[in-house]
Amino acid sequence: MAGVSAAVAEKLVRLGIYGDADLLLHLPLRYEDETRVTAIRDARPGIPAQFEVEVVSSEVAYRPRRQLVARVRDATGDLTLRFLNFYPSQQKALAPGARLRVFGETRGGFFGEEIIHPRFRVLHGDEPLPDRLTPIYPTTAGLGQSVLRKLVQRALDKADLTDTLPDALRRRSATADFGDSLRFLHQPPPDVSLADIEARNHPAWRRIAFDELLAQQLSLRRAYTARRARGAPVLEGTGALTWRLLDTLPFKLTGAQQRVWREIAADLAQPHPMARLLQGDVGSGKTVVAALAMLRAVEAGHQAALMAPTEILAEQHYRKLAAWLEPLGIEVAWFAASVKKKARDAWREKVSRGETPIAVGTHALIEAGVEFDKLGLAIVDEQHRFGVQQRLALKKKGQSAHQLTMSATPIPRTLAMSYYADLDVSVLDELPPGRTPVVTKLVDEGRREQVIGRVHDACRAGRQAYWVCPLIEESEALQLKTAQETYERLTAELPDLEVGLVHGRLKADEKAAVMAAFAKNQIQLLVATTVIEVGVDVPNASLMVIEHAERFGLSQLHQLRGRVGRGIADSACILLYAQPLGETARARLKIIFENSDGFEIARLDLHLRGPGEFIGKRQSGAPLLRFADLEDTQMVEEARAAAELLLRDYPQSAEAHLARWLAGKEELLKA
Ligand code: ADP
Ligand code: MG
């Protein structure tokens, strides 16, 4: 950055500040009121205040530890200043007779009122009090507030703070002026309520939050428009294949599935690439919708690919699709690490010649150098579980193909409207009929024996169960060890049951063998790590035990629980927890206990944690929303409407706004 030393520049970068534009938007965390002086007599414990004092004495004391202690006074009383760490320069400044302005919170000490580590400044002659509140900025080690304040001041003086919102829009939403808001937030006058401004509901904050949301909307809507300008094959079909599939299925599509399928079919018939997110709670039946979309591509003479993040999940898709589609005479190619090279090469050949219309796989599908002859549709299941690189590779591969992503992690509406504004969203908001609701139980770890008894009974009655091992995030090795031990213990404790173990470190074919055995009820109790979290579908499994449930995140618990309740038997999910429970863990368990609707759980989770976790690596490198609050649905909606208006009627304003907010960061938003 210009005008600062390399050392300062480096620290600024740590704060995400690369230039003046970033400095302007580096807004205070809070403020201190140095505009008035409080008499020592009027000091209130715990309330920050400023005092103007004279040093009476100062000394370095050694008990209970080395510290600098100064006695100071004003006309109304005296005060002790205590420094547990100090520089010789501070000791010198506190010479008897020196006049100071001291800022801090008093508390009653053994020797009377004192302030620990006050900020102070030596007064030379008459110095007027500041007429603005003092901003306290977020900062990093070695970068002082005064440096930041000077830099911000300089940026404010130089900057063009012209409002980017056209007047018409500002009049409509009665928003504060941008420049005024910014100046206000950096240097508020003393008469504002600190509570208001620190709670961020002052109009100035609201303006900045709105601008931030608007920038996000503009950027994503622009990406959306750019996509609509690209070409993609029109995938229209006779319906011959889709009808035949629907005929052979043992069930009828739910109303939601029909609606979503119509939405997708309409997109596929457009001459530009679809980018649609299909959201549906676990078990809502996304796979069959994917199958219909793939068949539509095939009917139109194109190929389709389906990719899933884990081998277990990909294999399950493969089996299901093969079972559905091969009777219709449609071959399904299968790409995964466990597929032998020879077989994979053969598939690759056929896919590249266009002989095999459908390919299913893990990321092996992109990594094996599979070139499609005529890829018309790429479907990605649980996209957020793929790495950024894999996603970019996939994107490249399907530049002109239609894209459908599927997710069972319900995204709260405001989040979908903001972070996913470049996508169209379809929601499967209805579960297929005949699902038995899962009864959730919270059980103290001390009652583990009873739980084992319950597992035993369920399995003896012909049902199956999952036993999910505790999550150990710090160490995969430890996680593995725990899984192994749990497996051994349960095998010993339940000698008349067939117990299986599946975890992430098994070789792909071993994993597949265990899952196949479980699917066939050759294994009654499956001990598992979270590898079973997504997608696994074994309807006869009706009981799930999750050990140390307090360690899991909400969406994980919801996903895990979704593995049961898929058949006709009464299902239960037992959450074993260990005391003592932290506050957040308790809140999470309460939410999962009280709610079964994934969207509601997601909404509560957003409230608990903020948006970061939902969008995973999507925004890697790019800042999350810093000022806007996604729970403010109304503001998100206003920003969205404003973005549409700007793009349509005020393109120059849109450009100026994006330049101000996203200079250089836009690329990052697209990954
Ligand atoms: P998810 O959305 O979690 O991927 P799946 O596609 O795996 O859900 O579907 C879950 C189960 O429900 C599967 O066994 C599937 O065959 C079945 N299923 C899907 N749609 C229906 C329906 N309309 N009626 C009955 N069962 C259905
Ligand atoms: Mg699925």
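**Figure 1. Pro64 in the loop between strand S2 and strand S3.** In this predicted model, Pro64 is found in the loop that runs between strand S2 (48-61) and strand S3 (67-74). Strands (E, at least two residues) and helices (H or I, at least four) are DSSP runs, numbered from the N terminus. The peptide bond joining Arg63 and Pro64 is cis, with omega about 0°. This is a predicted model, in which local features need pLDDT of at least 70 and side-chain atom pairs count only at pLDDT 80 or more, while totals for chains, interfaces and linings use all residues. Residues are numbered from 1 along each chain as its sequence is written, chains are lettered from A and ligands numbered from 1 in the order in which they are written, and side-chain values use heavy atoms, with hydrogens and water left out.

**Figure 2. The cis peptide bond at Pro580.** Gln579 and Pro580 are linked by a cis peptide bond whose omega is near -5°. Pro580 is found in the loop between strand S21 (571-577) and helix H21 (583-594).

**Figure 3. Two histidines with positive phi.** His117 has phi near 50°, a positive value in a residue other than glycine. The loop that holds His117 lies between strand S6 (112-116) and strand S7 (119-122). His117 is partly exposed, at a relative accessible area of 38%. Here buried means under 20% relative accessible area, exposed over 50%, and partly exposed in between (1.4 Å probe, protein chains only). His548 also is not a glycine and has a positive phi, of about 50°. The place of His548 is in the loop between strand S20 (541-546) and helix H20 (554-561), and His548 counts as buried, at 15% relative accessibility.

**Figure 4. The surroundings of ligand 1.** Ligand 1 is surrounded by 17 residues, of which the closest are Lys252, Gly283, Lys286, Thr287 and Arg435; a residue is near the ligand if one of its heavy atoms lies within 4 Å of it. This shell divides into seven charged, six polar and four nonpolar residues. For this division, Ala, Val, Leu, Ile, Met, Phe, Trp, Tyr, Cys and Pro count as nonpolar, Asp, Glu, Lys and Arg as charged, and the others, Gly among them, as polar. A polar side-chain atom of Gln257 lies 2.8 Å from a nitrogen atom of ligand 1. A polar backbone atom of Gly283 is 2.6 Å from an oxygen atom of ligand 1, and a polar side-chain atom of Thr287 lies 2.6 Å from an oxygen atom of ligand 1. Taken alone, ligand 1 exposes 560 Å², and the protein buries 85% of that. Accessible areas come from the Shrake-Rupley method with a 1.4 Å probe; for residues, only the protein chains shown count as cover.

**Figure 5. The largest nonpolar core.** This core has 65 residues, and those with the most contacts inside it are Ile264, Leu325, Phe335, Ile358 and Leu377. Helix H11 (residues 286-299) supplies the largest share of this core, 10 residues. A nonpolar core is a set of buried Ala, Val, Leu, Ile, Met, Phe, Trp, Tyr and Cys residues joined through side-chain atoms within 4.5 Å. Ile358 touches Met294, Val298, Ala304, Leu325, Ile330, Glu331, Val332 and Ala333, not counting residues up to four places away in sequence; contact means heavy atoms within 4.5 Å. Another core, of 60 residues, lies apart from it and has Leu23, Leu143, Leu218 and Trp661 among its members.

**Figure 6. His503 and its neighbours.** His503 has its place in the loop between strand S18 (499-502) and helix H19 (508-519). This residue is buried, with a relative accessible area of 7%. A polar atom of the His503 side chain lies 3.1 Å from the backbone nitrogen of Arg505. Leaving aside neighbours within four places in sequence, His503 is in contact with Leu480, Lys511, Thr529 and Val531.

**Figure 7. Thr134 in strand S8.** Thr134 lies in strand S8 (residues 134-136) and is buried, with a relative accessible area of 7%. A polar contact of 2.9 Å joins the side chains of Thr134 and Glu34. A polar contact is a pair of N or O atoms within 3.5 Å; within protein, one must be able to donate a hydrogen and the other to accept it, and residues adjacent in sequence count only if both atoms are side-chain atoms. Apart from neighbours within four places in sequence, Thr134 is in contact with Arg30, Tyr31, Glu32, Glu34 and Arg149.
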